[in-house]
Amino acid sequence: METDEFLTKLSRLLDEVKIGVLSSLDAEGKPHLRWMTPGLLPNLSGCLYAITSPDFAWVKALATYPSVEWMIQNKSVTEVIRIMGKAQIIDNPSLKAEILEQIGRYINIFWKVNAAESNFVVLETVLERAYYFVPMRGERIFIEL
């Protein structure tokens with residue numbers, strides 16, 4: 001599978017489910033999982049974006065442990081994507097506005113745990129490799145991005 005084909009599948013899946021699970025390491029190097037709402041930006045290919053609070057402990061730990069993994073699947077689990085990459089925090093007003101335009105209507109829970117609406121940053125995951133699974137067919141495709 002070529003990168004463009006994979007990104008098309010990822011985009012379609014994100015349009016369908018709107019959520020994914022992000023795994024990262026905390027300050028002690030222990031894994032943690034959380035549901036997030038990621039999105040792709042058409043003019044910034046090769047990265048997955050989400051918003052988060054700069055005050056969350058796991059966000060601060062990214063400076064030490066930037067490797068993360070995303071898992072995105074449809075509701076029937078007939079299609080599963082795992083993405084590995086390096087995450088970084090970006091506090092850029094233009095990028096924040098662009099990602100809010102893309103995913104803002106799907107992040108109601110974020111505003112409940114992060115009351116200060118102006119206190120957020122962008123989590124950018126630079127995609128390095130991925131697995132595309134179709135469990136019912138036993139199909140597993142590895143993609144270097």
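## Basis of the model

The model is predicted: local features need pLDDT of at least 70, side-chain atom pairs count only at pLDDT 80 or more, and totals for chains, interfaces and linings use all residues. Residues are numbered from 1 along each chain as its sequence is written, and side-chain values use heavy atoms, with hydrogens and water left out.

## Aromatic cluster

Two aromatic pairs are present in the structure. Rings of Phe, Tyr and Trp (its six-membered ring) are paired if their centres lie within 6.5 Å; planes under 30 degrees apart count as stacked, over 60 as edge-to-face and the rest as tilted. Tyr131 and Phe133 form a stacked pair, because their ring centres are 6.0 Å apart and their planes meet at 10°. Tyr131 and Phe142 form a tilted pair, because their ring centres are 5.1 Å apart and their planes lie at 55°. This second pair links distant parts of the chain, with Tyr131 in strand β6 (residues 121-134) and Phe142 in strand β7 (residues 139-144), 11 residues apart. Helices (H or I, at least four residues) and strands (E, at least two) are DSSP runs, numbered from the N terminus.

Together, Tyr131, Phe133 and Phe142 make up one aromatic cluster. Accessibility is classed as buried under 20% relative accessible area, exposed over 50% and partly exposed in between (1.4 Å probe, protein chains only). Phe133 is buried, at 12% relative accessibility, whereas Tyr131 is partly exposed at 24%. Phe142 is also partly exposed, with a relative accessible area of 39%.

## Charges over rings

A charge is taken to sit over a ring if NZ of Lys or CZ of Arg is within 6 Å of the ring centre and within 35 degrees of the ring normal. The ring of Trp58 carries the charged end of Arg34 over it, 3.9 Å from the ring centre. Over the face of Phe120 lies Lys96, at 4.7 Å from the ring centre.

## Positive phi angles

Most residues other than glycine have a negative phi. Lys18, although not a glycine, has a positive phi of about 70°. Lys18 is located in the loop between α1 (3-17) and β1 (20-25), and its relative accessibility of 24% makes it partly exposed.

Val77 likewise has a positive phi, near 55°, in a residue other than glycine. The loop between β4 (67-73) and β5 (80-90) contains Val77, which is partly exposed at 36% relative accessibility.
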